[in-house]
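Biologist: I am new to this one. Please show it to me, and then let me ask about it piece by piece.

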Amino acid sequence: MNRYLDVIKLLWSAAIAAELEYRANFVLATLTSLGNLAGSLFGLFLFYRTGYTFEGWQWQEALIVLGVFTLLQGFSSTFLSPNLNKIVTYVQQGTLDFVLLKPINSQFWLSTHTLSPWGVPDLLFGSITIGYAGSLLGLTIGDYLLSAIPLIFGFISLYSLWFMLGATSIWFVKIYNVTEVLRGLLEAGRYPMVAYPIAYRFFFTFVVPVAFLTTVPAETMLGRVQLGWVVGAGVLALFLFVIATVFWRFALRFYTSASS
């Protein structure tokens, strides 16, 4: 474990040093994140401006969901996109050979070898949104910490889904559109699940588990989620992670390498 932590420290230090050579990009990323958040707030405001509310969700509580969604975007931009989207490039260029020859688990390296600081603004703005809404609702530190459990489960589930999509590039090289479809479906997480018709709620809970990524952590923070949903989020995260690992090993059996 210490060896893996040392590897992450070296890789991330090099990645941050390289990215910070273009510091103007951070300003652009901040403005982009601020614009996206403003658009999301405006969209939410359109629902609530006439006194309409999502069933069981006050304005401040809906802001919690939006804040969790923004955190999810920041996590994706910081850790998932810069790593998992490159799997396609490695397969196309044949450089996956060099990854497989490294004396380290290939899934671990592909998932952690770099990071992008341009997702930090989303993490910051998401935290500010949650903190502001939480102060209006009188939430405590314990509420925030408790919601971190299903939030981490959500991160693991999203990573596993994204990684499996990246692994399919071994058969279908150009899968960029597939990952964009996933990102598009995740947009549904910016609102509570009750905002959607019953059929959509079922789809976003049991087919594409968007509800476990945003609504369940938000409800946990608000102290009104049933324990079964949190346990379900944990079981789902563990199941998807195991499936992703098994699927990667299965996919490698069909990888012929650049030299064969």
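Modeller: Let us begin with I87, which counts as buried at 0% relative accessibility. Keep in mind that this is a predicted model.

Biologist: Where is I87 found?

Modeller: I87 is a buried residue. Its place is in helix α4.

Biologist: Which residues is I87 in contact with, leaving aside neighbours within four places in sequence?

Modeller: Contact here means heavy atoms within 4.5 Å. S169 is 82 residues away along the chain, yet the two C-alpha atoms are separated by 7.4 Å. With close sequence neighbours left aside, the partners of I87 are L110, F163, G166 and S169.

Biologist: T89 is found in helix α4. Is T89 buried or partly exposed?

Modeller: The cut-off for buried is under 20% relative accessible area, and exposed starts over 50%. T89 has 25%, so T89 is partly exposed.

Biologist: Let us step back. How many helices and strands are in the protein chain?

Modeller: Read along the sequence, the pattern is α-α-α-α-α-α-α-α-α-α-α-α-α. The count is 13 helices and 0 strands.

Biologist: What is the radius of gyration of the protein chain, and what would a compact globule have?

Modeller: The C-alpha trace spans about 65 × 40 × 35 Å along its principal axes. A compact globule of 260 residues would have a radius near 18 Å. The chain agrees with that, at 19 Å.

Biologist: What share of contacts joins residues at least 24 apart?

Modeller: The contacts considered are those between residues at least 6 apart in sequence. Of these, the share joining residues at least 24 apart is 79%.

Biologist: Which residues touch the most other members of the largest nonpolar core?

Modeller: In soluble globular proteins, nonpolar side chains tend to be buried together. Here, 46% of the 260 residues count as buried. The largest nonpolar core has 63 residues, and those touching the most other members are L44, I64, L96, L110 and F163.

Biologist: Which residues does L44 contact, leaving aside neighbours within four places?

Modeller: L44 is among the core residues that touch the most other members. Beyond its close sequence neighbours, L44 is in contact with F54, W59, A62, L63, L66 and Y191.

Biologist: P82 is in helix α3. Is P82 buried or exposed?

Modeller: Buried means under 20% relative accessible area. P82 has 14%, so P82 is buried.

Biologist: Which residues is P82 in contact with, again leaving aside neighbours within four places in sequence?

Modeller: Contacts are again heavy atoms within 4.5 Å. For P82 they are S76, S77, H113, T114, L115 and S116.

Biologist: Now R190. Where is R190 found, and which residues does R190 touch?

Modeller: R190 is in the loop between α9 (176-186) and α10 (198-207). Its relative accessible area is 13%, so R190 is buried. Not counting residues up to four places away in sequence, R190 touches S40, V65, L66, F69 and Q73.

Biologist: Last one. How far apart lie the centres of the positive and negative side chains?

Modeller: The protein chain has 13 positive and 11 negative side chains. The centres of the two sets lie apart by 7 Å.

Methods. Residues are numbered from 1 along each chain as its sequence is written. This is a predicted model: local features need pLDDT of at least 70, side-chain atom pairs count only at pLDDT 80 or more; totals for chains, interfaces and linings use all residues. Side-chain values use heavy atoms; hydrogens and water are left out. Helices (H or I, at least four residues) and strands (E, at least two) are DSSP runs, numbered from the N terminus. The radius of gyration is taken over C-alpha atoms; the globule rule is 2.2 Å times the number of residues to the power 0.38. Buried means under 20% relative accessible area, exposed over 50%, partly exposed in between (1.4 Å probe, protein chains only). Lys and Arg count as positive and Asp and Glu as negative; His and the chain ends are not counted. The place of a charge is taken as NZ of Lys, CZ of Arg, CG of Asp or CD of Glu. A nonpolar core is a set of buried Ala, Val, Leu, Ile, Met, Phe, Trp, Tyr and Cys residues joined through side-chain atoms within 4.5 Å.
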